[in-house]
Amino acid sequence: MTTHSPLRRRGQSDGHSRQQSEKSQQSDQEEKTSLSTVSNGTQTPEPPSPDDDSIMAPNLTLPDRSGASKVNNLQVQPVSAIHMRRPSVPMMPPFMVSAPGKVIVYGEHAVVHGKAAIAASISLRSYLHVTFLSKSRRTVTLRFPDISLDHTWNIDDLPWAAFSHPKKKKYYYDLVTSLDPDLVAAMQPFIACVSTKLPESDRRIHQSSASAFLYLFLSLGSQKSAPCIYTLRSTIPIGAGLGSSATIAVCLSAALLLQIRALSGPHPDQPPQECGLQIERINRWAFVGEMCIHGNPSGVDNTVSAGGKAVLFKRADYNKPPVVIPLRNFPELPLLLVNTRQSRSTATEVAKVANLKAAHPRITENLLDSIDHVTESAHDLITSPDFDPTHPAALQHLGELITINHGLLVSLGVSHPKLERIRELIDHTGIGWTKLTGAGGGGCAITILKPQPPVRTPPSISTIESDEDDCEIDSAVSEPPTTHNILDTLEIALEAEGFEKFETTLAGDGVGVLWPAVLHNGNEEDGGEEIDQEKFLRAEGNEGIERLVGVASSRRRIAKEVREGWKFWRT
Ligand SMILES: Nc1ncnc2c1ncn2[C@@H]1O[C@H](COP(=O)(O)OP(=O)(O)O)[C@@H](O)[C@H]1O
Ligand SMILES: C[C@@](O)(CCOP(=O)(O)O)CC(=O)O
C-alpha cells in the first residue's frame with residue numbers, strides 16, 4: 001500500500017482546512033511561522049470529514065461498555081484488502097504515536113528547593129494506536145488495556161457547547177496553563193460514568209486517564225470530530241516515577257493535534273526550528289493532559305517526553321514557570337533500570353526532606369547545595385565544547401556523579417532498603433554506577449553502564465548476601481564475563497528478589513509518529529505490515545509490543561537508528 005499522504009481525501013487541497021482559517025485569526029509569531037509550514041505542503045495528515053460518506057473504516061464490533069479489559073471480538077478488515085476492492089475510495093488507515101518515559105538523572109529533591117535537575121528520556125515508551133470508524137458510529141472509545149479501561153462516549157452527547165463557547169474556546173495554538181473549572185465541571189458527568197463498578201482506587205486511575213483524554217478531545221476537537229478508537233499500551237511501569245502519565249498526555253496531545261492538522265511533519269528534512277515548534281505545541285497540550293491527571297505537575301515529565309533527549313530543569317520561583325534548557329548533547333547512554341516494585345508517595349518523600357531541613361537547616365542546605373554542584377558538574381561537562389561521551393574519562397566522570405548523588409540522597413533519608421539492596425547487587429558486578437531516581441522511598445534505581453566489561457571476575461550473584469561481610473567471590477567463573485552475561489545473571493538475581501529489570505537507553509527521541517500504522521519488518525507482504533488494533537492488542541507483554549511496533553531498530557546499537565516508518569521531530 002502507499003505511504004504517501006494516506007489521509008488526504010480526494011478533492012482536498014493543502015491549506016484550506018477549518019483550522020487554517022482559525023489560524024489566520026491569531027497573531028502570535030509562532031503561529032505565523034507554523035502557518036507557512038503547513039501551507040508549504042508538508043505531510044500533514046488530513047482529518048476525516050464527517051460529511052464525507054466516502055470514508056471507509058475497519059469493520060469493528062461495538063466496544064464492550066462493561067468496563068471489562070478483554071479484547072473484543074474485533075474483525076478488522078485489512079486496509080489493503082479494502083483498497084483492492086474499492087480503489088477509488090480514499091481510506092482512513094490507522095496511525096500511531098509514541099512517547100518516551102523519563103528518569104531524573106541528577107538533582108531530584110534538590111530541585112524542589114530551587115536547585116537544578118537533569119532529566120532524560122528513556123527508551124521505554126507508550127504507544128497509542130488510532131483507528132477510524134465509519135461516521136455512522138458517532139462514538140469515541142478509549143481502550144487502555146494496561147489499566148483495564150475500556151469506555152465509549154457518544155460524540156454528540158459530549159459538552160461541546162461549553163468547550164466551544166466564545167469565552168471558553170481554546171485553540172491548538174493557545175497556551176493553557178490551568179484547567180478551566182467550568183469546563184472541568186461540564187466534563188464531570190462524562191467522567192463520573194467511567195468504570196463506576198470498580199473500587200475507588202481503580203476508578204480514580206481510570207477516571208484520571210479518561211479526563212486527560214476528554215479535556216483534550218473537547219478542547220481540540222469539535223462535534224464533527226471523527227469517530228475513533230484510541231488504544232494505548234505502554235512498556236513503562238505505572239506509578240514508578242518514570243513519567244508514565246506524561247507519556248499518555250503526550251501521545252493523546254500529538255494524536256489529536258495530528259487529527260486536526262495542527263502539526264506539520266514529521267519528515268526527515270524538516271528544519272530543526274520548525275520541529276521545535278511542533279514539539280512545543282504538543283508539549284503545551286500534553287501539559288494540559290498532565291494537569292488533568294496530576295493537578296499541579298512541574299512540567300518536566302511532559303517536556304522530556306515530548307522533546308526527548310534531556311533537559312536542565314530549574315524552578316527557583318514557584319510563582320513563575322520553570323526554566324527548561326534542552327541538553328542536545330546529552331549522550332544516548334545505555335542504562336539499566338530496576339523497579340523495586342515498592343510503592344511510594346512522592347509527596348511523603350518530599351515532606352521527609354522538608355522535615356530534615358526544618359530539624360537540621362544548615363546540614364540539609366549543604367546536602368542540597370552539594371546535589372546542585374553534582375548537577376552543575378554534569379551540566380558543565382555535557383555542554384563543554386570538547387565533550388566526547390565515548391571517551392572513558394567522560395563516562396567515568398558522569399558515573400562518579402551518579403554515585404555521589406545517590407550518597408547525598410541517602411543522607412537526605414529518601415532511599416529504601418530495597419533500593420540499597422539493588423545498588424549492592426549491581427555494585428558487586430562492577431557493571432556501572434547506580435543511584436535511586438525520582439522521589440525514592442521505593443520506585444526505581446538507574447545504573448549507567450560502563451562501556452567495557454569489568455576486568456575483575458564478578459562474584460556469583462547468588463553468593464551476595466545482604467550483609468557485605470558475607471560476600472564471596474565465586475572463583476568457579478573461569479571465562480571472562482561479558483557485560484551481556486553479567487546482565488543475564490543479574491536479571492535472575494534481581495527477579496529472585498522481586499525486582500523488575502529493564503535495559504534501556506538514556507536521551508533518545510521524543511514523540512514519534514507512524515503514519516500510517518505500517519511497518520517494514522522484513523517478513524511482510526508487499527508494502528509493509530499493517531498494524532491493526534487487533535494485532536496491537538494481541539502483542540504479548542513489553543517484548544511483544546516492542547517487537548510489533550517498537551520504535552527502536554533491531555540494529556539500535558547504531559546511534560539514533562529507529563525502525564523504518566517511525567518519524568520524529570528532531571531539533
Ligand atoms: N499505560 C497506561 N494506561 C493508561 N493510563 C496510564 C498508563 N500509565 C499511566 N497512566 C495514567 O497515569 C497515572 C500514573 O501517574 P503517576 O502516578 O504520576 O505515575 P508516573 O510517575 O509513572 O507518571 C495513572 O493513574 C493513569 O491515570
Ligand atoms: C522528588 C522530586 O524531585 C522528583 C519526584 O519524581 P517522581 O515523582 O518520582 O517522578 C519531586 C519533584 O521534583 O516534584
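Q: What makes up the span of residues 229-304, by helix and strand, and how far apart are its end C-alpha atoms?
A: In this predicted model, the span of residues 229-304 is 58% helix and 8% strand, and its end C-alpha atoms lie 27 Å apart. UniProt, in an unreviewed entry, places the feature "domain: GHMP kinase N-terminal" at these residues, an annotation that may be inferred rather than shown by experiment.

Q: What makes L128, W153 and Y230 stand out in the largest nonpolar core?
A: That core has 65 residues, and L128, W153 and Y230 are those with the most contacts inside it. Helix α7, residues 244-259, gives the most to this core, with 10 residues.

Q: Which residues is Y230 in contact with, leaving aside its neighbours within four places in sequence?
A: Contact requires heavy atoms within 4.5 Å, and with those neighbours left aside Y230 meets this cut-off with L128, H129, V130, V140, T141, L142, R143, F144, F213, F217, L256 and Q259.

Q: Why is the pairing of D146 with ligand 1 called a polar contact?
A: A polar side-chain atom of D146 lies 2.9 Å from a nitrogen atom of ligand 1, and because the cut-off for a pair of N or O atoms is 3.5 Å, the pair qualifies as a polar contact. By the cut-off of 3.5 Å, two further pairs also qualify: a polar side-chain atom of S244 lies 2.6 Å from an oxygen atom of ligand 1, and a backbone N or O atom of I205 lies 3.3 Å from an oxygen atom of ligand 1. Taken alone, ligand 1 exposes 560 Å², of which the protein buries 88%.

Q: Which of the residues around ligand 1 come nearest?
A: Of the 19 residues around ligand 1, those that come nearest are D146, S209, G239, S244 and H294.

Q: How do you know that T346 makes a polar contact with ligand 2?
A: An N or O atom in the side chain of T346 is 2.8 Å from an oxygen atom of ligand 2, and a pair of N or O atoms within 3.5 Å is a polar contact, so the pair meets the definition. Backbone N or O atoms also lie within the cut-off of 3.5 Å, that of H109 being 3.0 Å from an oxygen atom of ligand 2 and that of A439 being 2.9 Å from an oxygen atom of ligand 2. Taken alone, ligand 2 exposes 380 Å², and the protein buries 79% of that.

Note on methods. Residues are numbered from 1 along each chain as its sequence is written. Chains are lettered from A and ligands numbered from 1 in the order in which they are written. This is a predicted model: local features need pLDDT of at least 70, side-chain atom pairs count only at pLDDT 80 or more; totals for chains, interfaces and linings use all residues. Side-chain values use heavy atoms; hydrogens and water are left out. A nonpolar core is a set of buried Ala, Val, Leu, Ile, Met, Phe, Trp, Tyr and Cys residues joined through side-chain atoms within 4.5 Å. Buried means under 20% relative accessible area, exposed over 50%, partly exposed in between (1.4 Å probe, protein chains only). Helices (H or I, at least four residues) and strands (E, at least two) are DSSP runs, numbered from the N terminus. A residue is near a molecule or strand if one of its heavy atoms lies within 4 Å of it. A polar contact is a pair of N or O atoms within 3.5 Å; within protein, one must be able to donate a hydrogen and the other to accept it, and residues adjacent in sequence count only if both atoms are side-chain atoms. Accessible areas come from the Shrake-Rupley method with a 1.4 Å probe; for residues, only the protein chains shown count as cover.
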